[in-house]
Structures are given as C-alpha cells and as structure tokens.
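Morning, everyone. Please bring the next entry up on the screen, and let's walk through it together.

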Amino acid sequence: MRWLTGLVVVLGCLWCGYWFIGARGFEAGAEHWFTNMEAAGKVARYQALDVNGFPNRFDLTVTEPQIGDPASGITWQAPFLQVLSLSYKPWHVIAAFPPTQQITLPYDAVTVQSGKLQASVVVQPVPTLPLDRSVVIGEDLVALGESGWDIRAASMHFATRLDATRADMYEIGLEITGMQPDARLTAALGSVLPDQISLLRVGVSAGFTAPIDRMLLQSRPQITQLVVNDVRMNWGDLHISAKGQVIADATGFAEGTVTFRLVNWRLALDAAQRAGFLAPNDRALWEKGIEGIAFMSQGNTTGDTVDLPIQFKGGAMLLGPLPIGPAPRLR
C-alpha cells in the first residue's frame, strides 16, 4: 500500500508539472502567434491572455482580440475568444465565440450575432501541424450591416477534411438552413418567392498551392482547382443545383465548366425580373435562349427543368456564346 500510494503521489506530481509546463507553452504559443502575425504585417492585438482548466484541459481566454489584414481592409474583433484543448490531446482545439462579433470590410461593417457559435480544429501531431479537419457550427445567426441590411439563418454547419491522397487538397462543405435574405430583397420579390431559403448546401473539393499548416503565413496557399461536387439551393418552388470543375488560369481566374440545373426556371426569371436584375425588355430573349438550350439537351421546350452549362474562360462567364459576367477569381 505504501508503494502504491507513493506511485500515485509521484504520478500526480508529474502530471501537475506537465500541466503547468503545458499551460505555459499553450500561452506562449498564443503570444508567439500574435507576434508572428504582427511581424507579417497583419493586425493582431489583444488585451490579455489567461490559461486555466487544471488538471485535464488547457482553456485559453483571449480578451478583446483584434485580427486584421490591412492589405484587404478586413478586420475581426470581439469582446473575447476562448480556445479549449484537452491537456492529453493538444492537437485538437475547440474555439467558443462570443454572442456578438464585429467584422470590418472594405465596403461595410458587419455585426455578427449568434445563439451559439463554436469551432473545432484538429491538426496532425507532426512538426508542421497540417490541418486535418475542422468544423464550425452556428445557431440563430444574424448578420447586421452598418449600411442597413441584415441576413439571418437558423443554423449553419461548415466542415473541412484533408484528402487522404493529397496534402494540398481539402473537401469543404457548408450547409445553411432557414436562411432569410435581407428584407429589402424579399420585399422586391413580392410573392414570387418566400422570405426564407429552406436549404443552401455547398460541397466542393479544393486544391491549394501549398499545404495548410503552421507555415501558412510564409507559404500563403492559394486555390489551384475547385471541383463542384454538390451545390444546391431550395427556395420555395425554385431549386438550383450545380456540378462541374474549374482551375485557376494563368491570371488567377476560374477556367472550366460548371453545369447549373434549374427546376422551375421560369420562376427564376420571374424573381430576377422583380428584383431588377433582368430588364422586362430582355425577358423574352432569355426565355427563347433557355428554351433553345432545353430543346438541344432534352428535346423539348415545355419542361420546367433545364441544365445550363456555364463556361469560365478568359476571365468571363459564358452561357453558350453569350457573356453573362466576369469569372470569379480563384487566386
């Protein structure tokens, strides 16, 4: 019994020493991260850092964090941020966000409110700490723009997972339910569409120029390709889905083809016209064009479903031979 008691005491002392050393390392790692961000020309400030959670957790609380990129004009700040980790599993951290945050954009300032907003990040326990997977879960979300707009959602689920065959490829998923667009948009649409988008889902695979790891600030990973596996939106009787693949061309613009499927496509034209995106004089032209595409792909013009292959080429988006807008920039 004395031997067993002595062993327990020794192990307890060792664990206490490990926790205090680990807690100091956890705090020093956070301080080092903020210092490196500042050295890289970013905005990275905080009022205080504090680590608690003895004996089984490292609970880091950052008071009044402010993180931004002067080059892009984007800044995030909040009253606090909590980063939690089990002391025996420090490569898995959980972040808990406050009910209110502020995001400053080049064209507006956005206040984000949430009933719940948490993130989980798992890195591989190797020296470069590559990102293995991540999850962000939010409930009762509200985004309020300083210019007067607001967007709401009942729930949001975002996740990433490293491709097992490639260190520079990630599977990325986003699902938003109960999304309410800005009231000005729904008012403009009138009764064409309801005031709530029941489902918005994005499932893609993204390739990057470098792994996403602790060397992120030096390697600056940029998107090289995007595989659209499953993108869909259900808005009343209007259903939109998309599949395809694009790569970044020499100038960084998307190049490739993504096919959009519209169910009740005439309803989409009604919505575009009511919202002011489609001039009334152009309505007949768009109807004829889409009917022509439907006839070539399905052999009829009376169906409610049409597949629209959108080509991204030379910095432009093309529907057949017609340019419909600029291509998105991937990098």
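Which residues do ring pairs link into a cluster? They are Trp33, Phe34 and Tyr46. Keep in mind that this is a predicted model.

Let me stay with the aromatics. How many aromatic pairs does the count come to? Four. Trp76 and Phe97 form an aromatic pair, with 6.4 Å centre to centre and 85° between the planes. That makes the pair edge-to-face, because planes over 60 degrees apart count as such.

Is Trp76 buried or exposed? Buried, with a relative accessible area of 15%. Phe97 has a relative accessible area of 25%, so Phe97 is partly exposed.

One more ring before we move on. Look at Phe253. The charged end of Arg329 sits over the ring of Phe253. The distance from the ring centre is 4.2 Å.

Back to strand E5. Thr75 lies in that strand too. Its relative accessibility is 18%, so Thr75 counts as buried; the cut-off for buried is under 20%. What is Thr75 in contact with, leaving aside neighbours within four places in sequence? The list has Gln66, Ile67 and Gly68, and then Gln102, Ile103 and Thr104.

Next, the backbone. Which residue has a positive phi of about 50° although it is not a glycine? Glu64. At 48% relative accessibility, Glu64 counts as partly exposed.

Leu129 also has a positive phi, near 50°, and is a residue other than glycine. Its place is in the loop between strand E10 (116-123) and strand E11 (131-145). Leu129 counts as partly exposed, at 36% relative accessibility.

A glycine comes next. Gly276 follows helix H4, and the phi of Gly276 is positive, near 90°. Helix H4 itself runs over residues 265-274. Which residues of H4 are buried? Trp265, Leu267, Ala268, Leu269, Ala271 and Ala272.

Let me zoom out. The secondary structure comes to five helices and 20 strands. The C-alpha trace spans about 90 × 45 × 40 Å along its principal axes. There are 331 residues in the protein, and buried residues make up 34% of them.

What about contacts along the chain?

Last, the surface and the charges. The protein exposes about 18500 Å². Carbon and sulfur atoms supply 61% of that. There are 25 positive and 30 negative charges. How far apart are their mean positions? The answer is 5 Å.

To close, go back to the opening view. Find the cluster of Trp33, Phe34 and Tyr46. Then find the edge-to-face pair of Trp76 and Phe97. Thanks, and over to you.

How values were computed. Residues numbered from 1 in each chain as written. Predicted model: local features only at pLDDT ≥ 70, side-chain atom pairs only at ≥ 80, totals over all residues. Heavy atoms only, no water. Phe/Tyr/Trp six-rings, centres within 6.5 Å; stacked < 30°, edge-to-face > 60°. Buried < 20%, exposed > 50% of the residue type's maximum accessible area, 1.4 Å probe, protein only. Lys NZ or Arg CZ within 6 Å of the ring centre and 35° of its normal. Helix = DSSP H or I, 4+ residues; strand = E, 2+ residues; numbered from the N terminus. Contact = heavy atoms within 4.5 Å. Areas by Shrake-Rupley, 256 points an atom, 1.4 Å probe, with all protein chains shown as cover. Lys, Arg positive; Asp, Glu negative; His and termini not counted. Charge placed at Lys NZ, Arg CZ, Asp CG, Glu CD.
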